[in-house]
Amino acid sequence: FSLRRVREMVRKEFLQLFRDPRMYGILLAGPAMQLVVFGFAVYTDVRNTATFLVDQDRTATSRELAEAWTASGYFRIVGRSQDPGELVRALDHGDAIVGLTIPVGFAADLDRSEGTVQVLLDGSNSNLATVARGYAEQILTTWGLTAAEIRVEPPVELRHRAFFNPDLASRDYNVPAVIGAIITLICLLLTSLSIVREREIGTLEQLMVSPIRPIELLVGKTIPFGLIGILDMALVTALAVLFFKIPLVGSVGLLFLATVLYLLSALGAGLLISTISKTQQEAFMSTFLVLMPTLLLSGFMFPVRSMPKFFQWVAYLNPLTHYLEIIRGIFLKGVGMEALWFQHAALLVLGAVLMATAVARFQKHVA
């Protein structure tokens, strides 16, 4: 094994990669733009949800309820009518997500503690409907107790507090995961195209007849993309902290260590795709076929524990699952190695297996 040959291979990769000045923008500005776009797009908090109001009571009490409904900031009235059919049409056409119906005699029934309203939800987006229903129940319960002037103290007082994310802001939870997704995309795509590109342009034959060994060739091709992955991680992490104000309460050094271990898996998977693909188009399509299951089975958007048992086991074989647990733990909880040792060990084992498989697949001859 020659470090000099590896160094020259790394130098060749950097020269070839940045021969086109536009690659600087793709590899550096691209991840930053993706984080900004995804940071604003991946936002699951319910705000200003379109509501269609049917007020058949038309009293001061019903108007107070409508004002309380919009004052929370969770809902916004986009249409009013006294005809329930208009509400149904608004839900059918997608003009409203929530429908609130206040029936005739609501104020009189409320005086007898028998007030009833109807809330209709567009269930096509089940996550949004579930969250909106929770907010609606909270608003109606709070307003109903105040309006009916109920002064009886409850036997149990509930005081709740959310640890690690006091405001329950979805962005604080999602943006760190976007960092992992961006690094995965960059490393998989660059690495999977590396050897295939050499084969298509005819330089792989020259490398095969040179003194360089297969392991030196793979190491030389891996190091540049690993350095780019670390640089992109630092860039998007700084952007998340400075631009999105995501709290980073844990150790930056531990985050760096986890990233290095995760890059073993990401680069190993990319090299494995590169060794089994014949063309760049095939490698490109294979990358995205791997990327989508990797994201969906990582806990990026959906909790792993909510998946069926079989897919939970599959998710635990996914390096991104462990990396996202580490990122979120470091960003939001500030936990250390004592709480994340298993995830680090899993990344090391999975990365070693993927990298060893890629090395074993690579043969020093032109397929």
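Visitor: Is Trp-341 buried or exposed?

Guide: Welcome! We are looking at a predicted model. Residues count as exposed when their relative accessible area is over 50%. Trp-341 has a relative accessible area of 52%, so Trp-341 is exposed.

Visitor: How many aromatic pairs does a search of the whole structure find, and why is the pair of Trp-69 and Phe-75 stacked?

Guide: The search of the whole structure turns up seven aromatic pairs. In one of them, the ring centres of Trp-69 and Phe-75 are 4.4 Å apart. Planes under 30 degrees apart count as stacked. The planes of Trp-69 and Phe-75 are at 25°, so this pair is stacked.

Visitor: What kind of aromatic pair do Trp-341 and Phe-342 form?

Guide: Their centre-to-centre distance is 6.0 Å. Planes over 60 degrees apart count as edge-to-face. With 90° between the planes, Trp-341 and Phe-342 form a pair that is edge-to-face.

Visitor: How do helix H1 and helix H7 pack?

Guide: H1 covers residues 3-17 and H7 covers residues 170-201, with axes 13 Å apart. Their angle is about 90°, which means H1 is roughly perpendicular to H7.

Visitor: Which residues in H7 meet H1?

Guide: On the H1 side, the contact involves Met-9, Lys-12, Glu-13, Gln-16 and Leu-17. The contact residues divide into four nonpolar, one polar and four charged. On the H7 side, the residues are Leu-190, Arg-197, Glu-198 and Ile-201.

Conventions
Residues are numbered from 1 along each chain as its sequence is written. This is a predicted model: local features need pLDDT of at least 70, side-chain atom pairs count only at pLDDT 80 or more; totals for chains, interfaces and linings use all residues. Side-chain values use heavy atoms; hydrogens and water are left out. Rings of Phe, Tyr and Trp (its six-membered ring) pair if their centres lie within 6.5 Å; planes under 30 degrees apart count as stacked, over 60 as edge-to-face and the rest as tilted. Buried means under 20% relative accessible area, exposed over 50%, partly exposed in between (1.4 Å probe, protein chains only). Axes are lines fitted to C-alpha atoms, for helices over the stretch in contact, and angles run from 0 to 180 degrees between N-to-C directions. Helices (H or I, at least four residues) and strands (E, at least two) are DSSP runs, numbered from the N terminus. Angles under 35 degrees count as roughly parallel, over 145 as roughly antiparallel, 65 to 115 as roughly perpendicular and the rest as oblique. Contact means heavy atoms within 4.5 Å. Ala, Val, Leu, Ile, Met, Phe, Trp, Tyr, Cys and Pro count as nonpolar, Asp, Glu, Lys and Arg as charged, and the others, Gly among them, as polar.
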